[in-house]
Amino acid sequence: MDRQRLDKWLWHARVVKARTSAAALVEAGDVRVNGVRETAPGHTVKAGDVLTIGLDRTVRVLKITGFSERRGDASSARVLYDDLQERTD
């Protein structure tokens, strides 16, 4: 698998708790793909794409490194992306 729907990837990577929440997040315009605001949950993403995601009062910047057929536990979700933010806490 080399591409996946944006909402499905967000759910599989455990960025959100439910796929419907992922779709709502995208439709609200809170997700950018390679710097461009995306509002279609069905937009396909590929490895190497950089997602900027506005969640609550934080912003996450993630680089897609892989895909999954199904949603797994947190450790398997963590290998789907590289967190590009430097933690200061």
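**Close-up views of a predicted model**

**View 1. Surroundings of L10.** Setting aside neighbours within four places in sequence, L10 is in contact (heavy atoms within 4.5 Å) with V15, V16, A22, V26, V31, L51 and I53. The model shown here is predicted, and local features need pLDDT of at least 70, side-chain atom pairs count only at pLDDT 80 or more, and totals for chains, interfaces and linings use all residues. Residues are numbered from 1 along each chain as its sequence is written, and side-chain values use heavy atoms, with hydrogens and water left out.

**View 2. The largest nonpolar core.** A nonpolar core is a set of buried Ala, Val, Leu, Ile, Met, Phe, Trp, Tyr and Cys residues joined through side-chain atoms within 4.5 Å, where buried means under 20% relative accessible area, exposed means over 50%, and partly exposed lies in between (1.4 Å probe, protein chains only). The largest such core has 20 residues, and those that touch the most other members are L6, W9, L10, V15, V45, L51 and I53. Two or more residues of this core come from each of α1 (6-12), α2 (19-27), β2 (31-33), β5 (50-55) and β6 (58-64); helices (H or I, at least four residues) and strands (E, at least two) are DSSP runs, numbered from the N terminus.

**View 3. The aromatic pair of W9 and Y81.** The structure holds one aromatic pair, a term for rings of Phe, Tyr and Trp (its six-membered ring) whose centres lie within 6.5 Å, with planes under 30 degrees apart counted as stacked, over 60 as edge-to-face and the rest as tilted. Because the planes of the W9 and Y81 rings stand at 75 degrees, with the centres 6.2 Å apart, the pair is edge-to-face. W9 belongs to helix α1 and Y81 to strand β7 (residues 81-83), so the pair ties together parts that are 72 residues apart in sequence. Both W9 and Y81 are buried.

**View 4. The salt bridges around D7.** A salt bridge is a side-chain nitrogen of Lys or Arg within 4 Å of a carboxyl oxygen of Asp or Glu, and R5, D7 and R19 are linked in a network of such bridges. Between R5 and D7 the closest N and O atoms are 3.0 Å apart, while between D7 and R19 they are 3.5 Å apart. The latter pair links distant parts of the chain, with D7 in helix α1 and R19 in helix α2, 12 residues apart. D7 counts as buried at 3% relative accessibility, whereas R5 is partly exposed at 35%.
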